[in-house]
Amino acid sequence: MPATLMNDRDLEFMLYELFNSEALINRARYQDHDRHTFNEVINTAKAIAEKHFLPIRQKLDTHQPTFDGKKVHLIPELKPAIDALNASGLGSATADYELDGMQLPPIIASAANAYLTVAGGVGLGYNMLTSANANLLQAHASQALIDKWVKPMRAGRFMGTMAMTEPGSGSGLGDLTTKAIPQDDGTYRVSGNKIFISGGDHNLSENIVHLVLARIQGAPKGVKGISLFVVPKFLVNDDGSIGEDNEVALAGLFHKMGGRAQTSTALSFGEKNGSIGYLVGEEHQGLKYMFHMMNEARIMVGTSGAVLATAGYQYSLDYAKNRPQGRLPSCKDPLSPMVNIIEHADVRRMLLAQKSYAEGALALVLYGTQLSDDEKTAPSETDRVYAHTLLDFLTPIIKTWPSEYGAKANDLAIQVLGGHGYINEHPVELFYRDNRLNTIHEGTTGIQSLDLLTRKVPMKKMAGYIATLAEIEKTILAITNDQTLASLTGYANDLTDAINALKTTTNTLLSAMASKNIDLVLSNSVKYLEVFGHIIIAWLWLKQGIVASKALAKPLHESDENFYHGKLQALNYFYQLELPQIHLWCKTLQNFDSTSYDMKPEWF
Ligand SMILES: Cc1cc2nc3c(=O)[nH]c(=O)nc-3n(C[C@H](O)[C@H](O)[C@H](O)COP(=O)(O)OP(=O)(O)OC[C@H]3O[C@@H](n4cnc5c(N)ncnc54)[C@H](O)[C@@H]3O)c2cc1C
């Protein structure tokens, strides 16, 4: 099978035709770059992915990290691969020049990372968490903490984690019990147990910088009493050299269905005297700061969902073009040659579904990534605030839709390969296993849907909700006002109907949340997120359709013509077979269907 990691043509389409990323070079921050340097970075990532990560992808999966009671052991090939990545500077691609970064636009870094994610799987998680950890500290920590911890992380000497989850506190972080006791010298002594901490221990870096959520002695109960601390594995001396062990003990490793390259650790902090912790920002504001990292991580999770979906789609497409099996129903001659399975309409159905999920999800995560850049670097304050409003609102959807539908796409990739998809000679089952985590970590689908409906929709007088619908309506209007796009009018009308159903549903739910049994009203919140997600993806497909229609109006090379026809067919698939479902889901929501709510635990 060819080792196609990503569809280069589609990434080029997304970056330069759909999102016009080349225009970013007009922003002061990116003035040293041009399309050539953007592509060089993407090609470097691709080369590292192919040279260092792809050859060890399967071994990373079959040789899970082990713990001998003293040390963690990873396959020896991982460290040189990560070192190669660090040496390339890609680990801090978006960071400022002063911090040895490349000051690249996040959307370009995300495209580059896509190749690495497909080749290295969760092996990349070490670097991604480190970068998000450093970004949080840079935004919220004192200069002293930045100098001590961020610089070595940017340089690839230290790695970082986010340590929130505890055995008794997963989705509900308000119940966490890790303690922090203030000391006379301004530090804290931190003690408690954390679980599922990704990259919590390993031999890939000189030190590990844990960002730990804990409750300062005497702090209020619930989320309002949570503070954030830097708790390193090893203390660091004033000259930057590694100092004493800081009582962060590895209590054990978890073994997982996927994502096996990255250690998942149970950590015990400060069992004897307490681990030394440094407060980040102000007391009791820890969850607010952690959201800086979580929001970034949520886009990363959605991106992983989308990219793995794309990888499975690409792989199963190549397979379907080359696997002869059976004949068409119309062929009655058993002596005629077999056809390649792509000739069977049902296989094309599975490929189209994957394409519509994967490329729809990829467009969504790149859109979100661009918003995360716009909120900081857009030319005017108004644009920056607007981007922030959109991103803040869309984050639960950017995290969840690509994760849910990415795993569905991978499920279909397995089905396209039949029995061959179920065995580990082909990577599609690995993509599925890796992807399956994405609906769970960084807030499960259920939690994200509650966040969307109870917080994000009503937030700031519904500003994010209104801005999002306004963006969609702009696209619809652009089609209505442009005769050359007449072939897309039917889709624009379908999208208008879908938005109207969404508006009615939202109004019904919001007023019921104030007047009815809220537990019942929220019992189908996941369906609400799915409705919204489908509408956003339908919108992004329509935007892709506009680009494709305009391109097809001019003479093209045959391969480009095929490419754009493929876009229009996937758009059609989404509007014929996916979008109509939202009307049923809206009815379920508007009727306050109580089936799940009424089911009694003892009836199961
Ligand atoms: C491989 C892996 C890596 C991870 N990495 C990290 C990490 O680096 N750092 C870190 O801090 N954590 C990490 N986590 C933890 C992860 O974020 C949690 O597993 C997740 O938040 C869910 O918590 P839980 O496992 O305790 O499940 P629970 O909270 O027990 O949830 C179980 C089920 O109940 C549902 N549920 C729970 N509460 C509600 C509610 N109020 N309303 C409706 N439904 C609800 C959930 O949606 C879920 O379906 C990782 C987990 C895994 C598996």
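Predicted model: local features only at pLDDT ≥ 70, side-chain atom pairs only at ≥ 80, totals over all residues.
The account begins with charged side chains. Side chains of opposite charge can pair when their charged atoms come close. In this model the count of salt bridges comes to 27. One of them joins lysine 567 to aspartate 10, with the closest N and O atoms 2.6 Å apart. Lysine 567 belongs to helix 18 (residues 558-578) and aspartate 10 to helix 1 (residues 8-18), so that this pair links distant parts of the chain, 557 residues apart. Lysine 567 and aspartate 10 are both buried.

A second salt bridge connects arginine 29 and aspartate 96, whose closest N and O atoms are 3.0 Å apart. Here the partners are found in loops: arginine 29 in the one between helix 1 and helix 2 (35-53), and aspartate 96 in the one between helix 4 (78-88) and helix 5 (106-120).

Because aspartate 61 lies in helix 3 (residues 57-62) and arginine 260 in the loop between strand 10 (248-253) and strand 11 (264-269), the pair ties together parts that are 199 residues apart in sequence. Aspartate 61 has a relative accessible area of 6% and is therefore buried. Salt bridges can also join into a network, as they do among Arg9, Glu12, Glu17 and Asp560.

The packing of helices comes next. Helix 8 (residues 286-322) and helix 12 (residues 428-436) have axes 10 Å apart and pack at an angle of about 165 degrees. Helix 8 is therefore roughly antiparallel to helix 12, and the crossing is left-handed. On the side of helix 8, the contact is made by Ser304, Gly305, Leu308, Ala309, Ala311, Gly312 and Tyr315, and on the side of helix 12 by Val428, Phe431, Asp434 and Asn435. Sorted by class, this contact of helix 8 with helix 12 has six nonpolar, four polar and one charged residues.

Helix 12 is largely enclosed by the rest of the structure, because seven of its nine residues are buried. The buried residues are Val428, Glu429, Leu430, Phe431, Arg433, Asp434 and Asn435. Their cover includes helix 3, helix 5, helix 8, helix 10 (381-417) and helix 11 (419-422).

Another pair of helices is formed by helix 14 (residues 459-480) and helix 17 (residues 525-552), whose axes come within 10 Å and cross at roughly 35 degrees. This crossing is also left-handed. Helix 14 contributes Tyr465, Thr468, Leu469, Glu471, Ile472, Thr475 and Ile479, which meet Tyr528, Phe532, Ile535, Ile536, Trp539, Leu542, Lys543 and Ile546 of helix 17. The residues of this contact divide into 11 nonpolar, two polar and two charged.

Individual positions complete the account. Valine 236 lies in strand 8 (residues 234-236) and is buried, with a relative accessible area of 9%. The C-alpha atoms of valine 236 and tryptophan 149 are separated by 9.0 Å, although the two residues are 87 residues apart along the chain. Apart from its neighbours within four places in sequence, valine 236 is in contact with Lys148, Trp149, Phe158, Asn207, Ser241, Ile242 and Gly243. Asparagine 591, in the loop between helix 19 (581-590) and helix 20 (595-598), counts as exposed at 57% relative accessibility. From asparagine 591 to leucine 104 the distance is 48 Å, C-alpha to C-alpha, and the two are 487 residues apart in sequence.

The last topic is backbone geometry. Most residues other than glycine have a negative phi. Asparagine 20 has a positive phi, near 50 degrees; this residue lies in the loop between helix 1 and helix 2 and is partly exposed, with a relative accessible area of 46%. Glutamine 103, in the loop between helix 4 and helix 5, also has a positive phi near 50 degrees, but glutamine 103 counts as buried because its relative accessibility is 9%.

Key
Residues numbered from 1 in each chain as written. Heavy atoms only, no water. Salt bridge = Lys/Arg side-chain N within 4 Å of Asp/Glu carboxyl O. Helix = DSSP H or I, 4+ residues; strand = E, 2+ residues; numbered from the N terminus. Buried < 20%, exposed > 50% of the residue type's maximum accessible area, 1.4 Å probe, protein only. Axes fitted to C-alpha atoms, helices over the stretch in contact; angles between N-to-C directions. Parallel < 35°, antiparallel > 145°, perpendicular 65-115°, else oblique. Left-handed = near helix turned anticlockwise from the far one by under 90°. Contact = heavy atoms within 4.5 Å. Nonpolar A, V, L, I, M, F, W, Y, C, P; charged D, E, K, R; others polar.
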